[in-house]
Amino acid sequence: MNKNKNTANQLIAEATEILKSNRKNSYTEPSKLLYPHQWLWDSCFIAMGLRHIDTDRAQEEIMSLFRGQWKNGMMPNIVFGESGKKLQPQRMWQSQVSPYSPDDVFTSGITQPPLVAEAVYKIGEKLDPKEKLIWFRSNIKELIQYHEWIYNDRDPHQEGLALLLHPWESGMDNTPPWMKELHDGLTPKWIEFAHKLHLDYFYGFLRLDTKFVHLNERLSNVDAMSLFDAQRKLRRKHYDTKKILGHNSFAIEDLTFNCILIKANNYLKKIAKSIDQKIPKELALSMDMSIKSLDKLWDEETSEYYSRKFETHELLKISTIASLMPLYSGVIDRERASHLVKTMEDHNKFSTPFPIPTVPVNSDWFNPDSYWQGPTWINMNWMIIEGLKNYGFKEHADVLTKKTIELVEHGGFSEYFNPITGDPLGIHDFSWSAALIIDLLKN
Ligand code: GLC
């Protein structure tokens, strides 16, 4: 066995150990310390790693997510574990204020990027042909309801682009375009006032995340307070999108979310086809429209894709790693894909010693330690690697895979990493870092 193979096996063994220790009943917690529940896109990434080592557990991970699916099809970003007494986060969310929330499980009231169809499909690839069809048949109804909800609820003007109501829904909590929206008028007056009097300092004592992770690697206290306040507003409106829209709240057609949706639609089509299931006509039309609508997020002037405001259609022209995500969507033409690859290789933008930074280094927002405002995340690299492979940029995909693996060799299975030094940041033993490294090494 050569050295590389040894290293790979060792990393797989360590990653498997992390996934074992973060396991809680039917699902895997993103982190035992910091995120002790089931999270939507985390579990999809986790299942895609688990499929290489334990297909039963990978299937269980996804079925456990469906426990939390709402009666209108919504998949919540957090499904809370069974617990005798009501936990503080359950009190915070009170999912039961919505008539659509499940009767027997507590969940959050918002969603996260839709990778479920991809996870279902990729688990299927590891099953024998008969089992695969059974697996697909057992999930198709829920998947269709889920994608129908995205369009019915989050694309009210039928534009082919889904809108999000809270930065947490993007999965990239403090990503600059969302934070700019917050700072440009969505920070509540009382929080601004508290900030002026430095009272937000005391809020720091109430935060769970900064008990484990240094404050400069997380959202500032004032931003964190504002996001909790925005969540309370959604709860007061019973998580009803129609009641929420137009009331001075976040409403953004997020670029990453929509690229993931387009990709997921494609996987849903493949699953449906293999079991001769018809996709409802309206859903099929919406899916086609999304492919065309991605172009509305392209800005000719700066040659870049951006997120967009739902109400005004104004592009939020701040560069982030989202601008590379159309590669993952797989539906842009080759010329645009090559352009994105060049952007990725640009030393003034995304080409750092430990790529890919979540914000380009030449941006005023770039901070190599701050959560989604600069650090490198394994899940984003993984999606971009998928995109590169899909467009035939094999060498680029191989280099990025190698560098992504180097990150964990250097800094362990951390939540995120400094893109300049490679130093680990956030919580350690993070489940999706472990799972996706297994996937990269096994593919
Ligand atoms: C943080 C991340 C989000 C993730 C969650 C659980 O909120 O920003 O993407 O799903 O933690 O790991």
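Biologist: What makes the radius of gyration of this chain agree with a compact globule?

Modeller: This is a predicted model. With 443 residues, a compact globule would have a radius of gyration near 22 Å, and the chain has 21 Å, so the two agree. The C-alpha atoms fill a box of roughly 60 × 50 × 45 Å along the principal axes.

Biologist: What is the chain built from, and how many helices and strands does it have?

Modeller: The secondary structure comes to 20 helices and 11 strands. Buried residues make up 59% of the 443 residues. Among contacts between residues at least 6 apart in sequence, 69% join residues at least 24 apart.

Biologist: Why is Ala-47 called buried?

Modeller: Buried means under 20% relative accessible area. Ala-47 has 0%, so it counts as buried. Its place is in helix α2.

Biologist: What does Ala-47 touch, leaving out residues up to four places away in sequence?

Modeller: Ala-47 touches Ala-58, Glu-61, Ile-62 and Ile-123. Contact here means heavy atoms within 4.5 Å. Ala-47 and Lys-122 are 75 residues apart in sequence, and their C-alpha atoms are 8.9 Å apart in space.

Biologist: Now an arginine. Is Arg-308 buried or exposed, and how do you know?

Modeller: The relative accessibility of Arg-308 is 4%, and the cut-off for buried is under 20%, so Arg-308 counts as buried. Arg-308 is found in strand β8, residues 307-309.

Biologist: What makes the pair of Arg-308 and Glu-253 a polar contact?

Modeller: Their side chains come to 2.6 Å. The limit is 3.5 Å for a pair of N or O atoms, one able to donate a hydrogen and the other to accept it. The value lies within that limit, so the pair is called a polar contact.

Biologist: Which other residues does Arg-308 touch, beyond four places in sequence?

Modeller: Besides Glu-253, the list includes Glu-159, Leu-161, Ile-252, Lys-296 and Leu-297. His-313, Glu-314, Leu-315 and Leu-316 are also among them.

Biologist: How far apart are the mean positions of the positive and negative charges?

Modeller: The mean positions of the 53 positive and 58 negative charges are 4 Å apart.

Methods. Residues numbered from 1 in each chain as written. Predicted model: local features only at pLDDT ≥ 70, side-chain atom pairs only at ≥ 80, totals over all residues. Heavy atoms only, no water. Helix = DSSP H or I, 4+ residues; strand = E, 2+ residues; numbered from the N terminus. Buried < 20%, exposed > 50% of the residue type's maximum accessible area, 1.4 Å probe, protein only. Rg over C-alpha atoms; globule rule 2.2 N^0.38 Å. Lys, Arg positive; Asp, Glu negative; His and termini not counted. Charge placed at Lys NZ, Arg CZ, Asp CG, Glu CD.
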